[in-house]
Amino acid sequence: MSEIRLYITTTEKGADAALSLMTDAFEDEGYAIATMEIDEKNDVWEASVYMFRPDEAEIRDRFAALLAADFPDAPIEREELPDIDWIAKSLEGLKPVRAGRFVVHGSHDRGTARSGEIAIEIDAGQAFGTGHHGTTAGCLEVIFNVMRARKVKRVLDLGTGSGVLAIAARKLAPAAVLATDIDPVATRVARENVRLNGIASGIALETAPGFHSTAFGRHGPFDLIIANILARPLMRMAPQLAAQLAPGGDVILSGILASQRWKVLAAYNGVGLRHVRTLWREGWVTIHLDNRR
């Protein structure tokens, strides 16, 4: 199915303003949004929203209404993207990523791990999380630090995507890991990656649309909860997530832009969690909290 990009051309300042508007309108619904510099010398930027063809008419109307007040003279342009497996294509040239003792690589880089490193193979798939994004790499580094510092028996990877974080936790220690996602495709891809990495037991994978799923009661409470999602859903779920944490537990949150850090911290401080550390990578942050006082 063809993917469509709708976009406006503006300045860097305008692109930042448009991104803020699009984040409020589209972030929770899973539509990809982006800004991109086209011409540095002349300060030309594009602000885009991506969708598949069946959603185009609805998203165009919403996009136009969203931008009408601040961008009245900016025409909405359209690009139809070729039907290419972009994840597979992009991974062809990606180099291994190192975070903590982990090295995440594709099948084209098997054997790349050095002595003492923990190799995780994540190849092209339909789910987010190859290790190359700042949020995933940040989570890997904090997972290593937390699980190296203390014994963790039960781990929750909420919004598992490719399964890379669940695989990392299980490879690092003999913990019981529950990996969940709202998308059954992601759950299937994660299951394939678990198998690819030679993990025969210790990771339970379930499609769970929310904390009302019985999976959390069956596997929790958790000594470590990892949630690499998006800032606004993380803020909304703060009370439910904190309720799943065992006494003395740790939480790793990511998918958070640096500008959103204080709002997320406020939400989790409000449910009794203490800020331990913030890791900064490529404009994104990974936040480590705990409930130890």
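Two strands are taken to pair if DSSP finds at least two bridges between them. The model is predicted.

Strand S1 (residues 3–10) is joined to S4 by five bridges in the antiparallel sense. Within S4, Leu 81 stands opposite Glu 3.

**The seven-stranded sheet**

A further open sheet has seven strands in the order S10-S9-S8-S11-S12-S14-S13, with mixed pairing. Its edge strands are strand S10 (203–207) and strand S13 (274–281), each of which pairs on one side only. Neighbouring strands of this sheet are turned by 15° against each other on average, direction ignored.

Strand S8 (residues 154–158) and strand S9 (residues 176–181) run parallel and are joined by five bridges. Ala 179 in S9 is the bridge partner of Asp 157, and Ala 176 in S9 is the bridge partner of Arg 154. Is S9 enclosed or open to the outside? Five of the six residues of S9 are buried, so this strand is largely enclosed by the rest of the structure.

Helix H5 (residues 164–172) lies across S8, S9, S10 and strand S11 (222–228), running at about 180° to S9. Helix H6 (residues 184–196) packs on the sheet and touches S9 and S10; the direction of H6 makes about 165° with that of S10.

In soluble globular proteins, nonpolar side chains tend to be buried together. The largest nonpolar core has 34 residues, of which Met 147, Val 155 and Ile 203 touch the most other members. Several elements each supply at least two residues of this core, among them strand S6 (102–105), strand S7 (118–121), H5, S9 and H6. Helix H4 (134–149) gives the most to this core, with seven residues.

Leaving aside residues up to four places away in sequence, Met 147 touches Val 152, Val 155, Ala 169, Leu 172, Ala 173, Ala 175 and Leu 224. A second, separate core of 27 residues includes Ala 215, Phe 222, Leu 245 and Val 264.

**Aromatic rings**

A search of the whole structure finds three aromatic pairs. Two of them are listed here.

| Pair | Distance between ring centres | Angle between planes | Arrangement |
|---|---|---|---|
| Phe 26 and Tyr 31 | 6.2 Å | 80° | edge-to-face |
| Phe 211 and Phe 216 | 5.0 Å | 45° | tilted |

Phe 26 and Tyr 31 are both buried. Phe 211 is buried, with a relative accessible area of 19%, and Phe 216 is buried, with a relative accessible area of 2%. The cut-off for buried is under 20%.

Arginine side chains also lie over rings. Arg 5 lies over the face of Tyr 7, at 3.8 Å from the ring centre. Arg 261 lies over the face of Trp 262, at 4.4 Å from the ring centre.

Terms used. Residues numbered from 1 in each chain as written. Predicted model: local features only at pLDDT ≥ 70, side-chain atom pairs only at ≥ 80, totals over all residues. Heavy atoms only, no water. Phe/Tyr/Trp six-rings, centres within 6.5 Å; stacked < 30°, edge-to-face > 60°. Buried < 20%, exposed > 50% of the residue type's maximum accessible area, 1.4 Å probe, protein only. Lys NZ or Arg CZ within 6 Å of the ring centre and 35° of its normal. Helix = DSSP H or I, 4+ residues; strand = E, 2+ residues; numbered from the N terminus. Axes fitted to C-alpha atoms, helices over the stretch in contact; angles between N-to-C directions. Contact = heavy atoms within 4.5 Å. Core = buried A, V, L, I, M, F, W, Y, C linked by side-chain atoms within 4.5 Å.
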